[in-house]
Amino acid sequence: MKNIKYSLIALMGIALMISGCGNQNGNGSNKNGALSSNNAEKVYVAPGEYDEFYAFVSGGYSGNITVVGLPSGRLFKEIPVFSQFATSGYGYSEETKPMLNTSFGFVPWDDSHHPDISQTNGELDGRWVFINGNNTPRIARIDLTTFETTEIIEIPNSGGNHSSAFVTENTEYVIAGTRFAVPVPQRDMPINEMKGNFKGAVSFISVDQETGRMGIKFQILMPGFNYDLSHPGRGKSHGWHFLSTYNTEEAHSLMEVNASQNDKDFIAAVNWKKIEEYVNNGGGTMMPANYAHNVYDEHTHMATSTMKKEVLTVDPTEIPGAIYFLPTPKSPHGCDVDPTGEYIIGNGKLSADLTAHSFTKMIDAIENEKFDGEAYGIPILKFEDVLGGTVSSGGLGPLHTEFDDKGNAYTTFFISSEIVKWKVGTFEVIDRKPCYYSVGHLMIPGGNSQKPFGKYVLAMNKITKDRYLPVGPEMEHSAQLYDISGEKMELIYDFPTHGEPHYAAGCPAELLMANSKKIYRLEENKHPYGINNPSEARVERNGKEVHIYMSTIRSHFTPDNIEGIKVGDEVYFHITNHEQDFDVPHGFAMMGQNTSELLIMPGQTKTSIWLPKKVGVWPFYCTDFCSALHQEMQGYVRVSPANSDVELSWSLGED
Amino acid sequence: MKKASVIMIIGSLLLLGLFAFPLWNIELGAPQYPDPLGLNIHIDGIRGQNEFDVQNIDGLNHYIGMKVLPKSHEMWEFTWFPRINIAMVSLGVLFGLLGFLGKIKYQWFFGWFILMSILGVLGMYDFNLWMTDYGTNLDPKAILKLQNPDGTPMSYKPPLLGHSKMLNFDAYSYPRMGAYMMFAGMGLTFVAGLIGWKATKKS
């Protein structure tokens, strides 16, 4: 390591000399000064060494998550969640198609926004990542032993599942709040009659602590505002959940103007423990609903989709004292709670200031009934009575806030394109640094828990122009890494990300590394069409259906020659990878197939359907470079006319 | 002679360690295997150092035409070595008891030691023969046929003891706990003989 540092410094020295020579007529200020060489070392992870943090960066409109190392910015994996993914066959293979089932049928895309890592006692525990699908409302769970999506639940009565997916202190619940108010239940009605008739559903999804299995415990049918972002209380405010709102005007057209008329919208404070108690005592109304619950089983390697038929809804006016509105200026977007649970930060996206509500003051105001009217039966607290402080920043368009472990907060400003560091409690601005350009969310590993790891902040920007070599009108977004270990922030690195890096969750590498699976154990393979041994490979016909039980091992398929398939058959390739070695997948691709290839991990079985349309002898091959003889890993299927009497046969190694 | 007999019994019993611990270990490391692949040779069979090492070594070896590693029932050694070991332990304990009771003299202890040494050497010889066959008797249809600079076919025989370089692999072959317990036990039986001899000389 020492050597590397010295050689780096030497390289930097040479670079300085070269740029110095070229700039003899310059003004002497050198952007590549000593500080930047320092920064290169901070983000440099030598070959064979590991990053300190994992970051799970949402892909926004790519519908996925990318796993990135910090500080290097290296991309380790792309995890498909809500979108079909040709790289692995996710959403194409017969086993994973049910993952994308919804009450609208197969929806092979979504807009993935806010990942959140599961917690125990308010600290990251590294069991699962939850993330929302924003468009066709869904919540997914990613297992952090396999880094695969293992469950997706659809959210009924919602539209634009944006104020999601945030977990409570012990992962009791994943909260999914609707962005758009919609008719509940959905019905045909004039849009201009929305006011008072639409609802905003906030769903509380319970999580089984052993299996992670999700289920909608109850939905609160809130007034028909737009629910933007949310965060659970923590520490002293554990048991509460806070949601920012906009369009308390309940406008339905030209929203940019009509939803920006009120000087203050609300942050809704929900005492979910109170509602949970009410529900546990038989409260709430079961309402007919239709939503999909998709679960992937790691042992059968298959997903099953079940349609749920009802959901428990709660009318908030029936539980006095469960919900209050905190007036918050200028259409608040982000809604963030500091690690102690005392301050709820509402960032008015059309203002320059941040509003920090005090939880202690809120409880006091509630106890003393300091109300300022009500909205749809929900008491509104007086702004002055709950205000904990204001950050007068001088920036414009504050969006999101994360926290370090030293009592500081970091807020992104979209319009003025910067990060502002301020002190929680005194609300004084300590530092500010520009972002390139137009920053949305930011992430500090653990910054969403009671125990942040305040070494880096990752800014996720919306606009990339000028940062990298131009690649035409469309380009990947940029993320920027700041060192926040000192008093002043330092921009130390930036790198492109895939899709729209909407938000991210991060944790120390050591939390996940040891639990990460290397293979699937063959002896635990319970796939109904899996085979335990290449000797069990065979082909079976059942009417028009042909099932091929195929095995892969370096560097051949068993069988590799198949005859007796006919035009009009439905051919199922059930392929089991018999390797038990880390990182030795095999691929399978069939010429002319109307789907993707498969990528099958060691010990796994995957199925691909092929509908042969043309007579001939058609090749298939392994798509993952598996060994020195990878190129030889191939085979043929003979397709005969529909009325042919060629017998079904298969072979390997026969002349 | 009583002390010698007790040491004889302890020494013989140490051979039971061969049933609990591996006798020998062969490890194969290469840059693309930062966690080396390894085989533990037990008295009753070959097991992977990690769970899937046997399968993965077989997978590598098929490129150069080596046979798959034998299962326990495929080699007479893995049936007979445990029996011989039990016999030698029983015999050693019996000699110790008889010595303790004064029925036999210390020469029997040396006799046992010599017999065990001969068996041990034969065992090593047999092991070496097997490794030679395994490393040189290659499938003529092997995918990779490599030659030494002098044109002779390359041997993939792992070293009997120590390190050797095979292609980009470093092969290490060393005794493990079972063997160390056997060596210690045999040492003790030799010591038992010596003590018995001294005791006899004194009296």
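This is a predicted model: local features need pLDDT of at least 70, side-chain atom pairs count only at pLDDT 80 or more; totals for chains, interfaces and linings use all residues.
Local features require pLDDT of at least 70 and side-chain atom pairs pLDDT 80 or more, whereas totals for chains, interfaces and linings use all residues. Residues are numbered from 1 along each chain as its sequence is written, chains are lettered from A in the order in which they are written, and side-chain values use heavy atoms, without hydrogens and water.

Over all chains, 29 salt bridges were found (a side-chain nitrogen of Lys or Arg within 4 Å of a carboxyl oxygen of Asp or Glu). One of them joins Lys236(A) to Glu342(A) at 2.9 Å, N to O. Lys236(A) lies in the loop between strands S15 and S16 of chain A and Glu342(A) in the loop between S21 and S22, so the pair ties together parts 106 residues apart in sequence. Glu342(A) is buried, at 8% relative accessibility, while Lys236(A) is partly exposed, at 47% (buried, under 20% relative accessible area; exposed, over 50%; partly exposed, in between; 1.4 Å probe, protein chains only).

In chain A, strand S6 (residues 116–120; strands are DSSP E runs of at least two residues) has four of its five residues buried and is therefore largely enclosed by the rest of the structure. Four bridges join S6(A) to the antiparallel strand S7 (residues 123–133) (pairing requires at least two DSSP bridges). The two strands form a hairpin with two residues between them, and Asn121(A) in the turn has a positive phi of about 50°.

In chain B, Lys201(B) is found in helix H5 and is exposed, with a relative accessible area of 57%.
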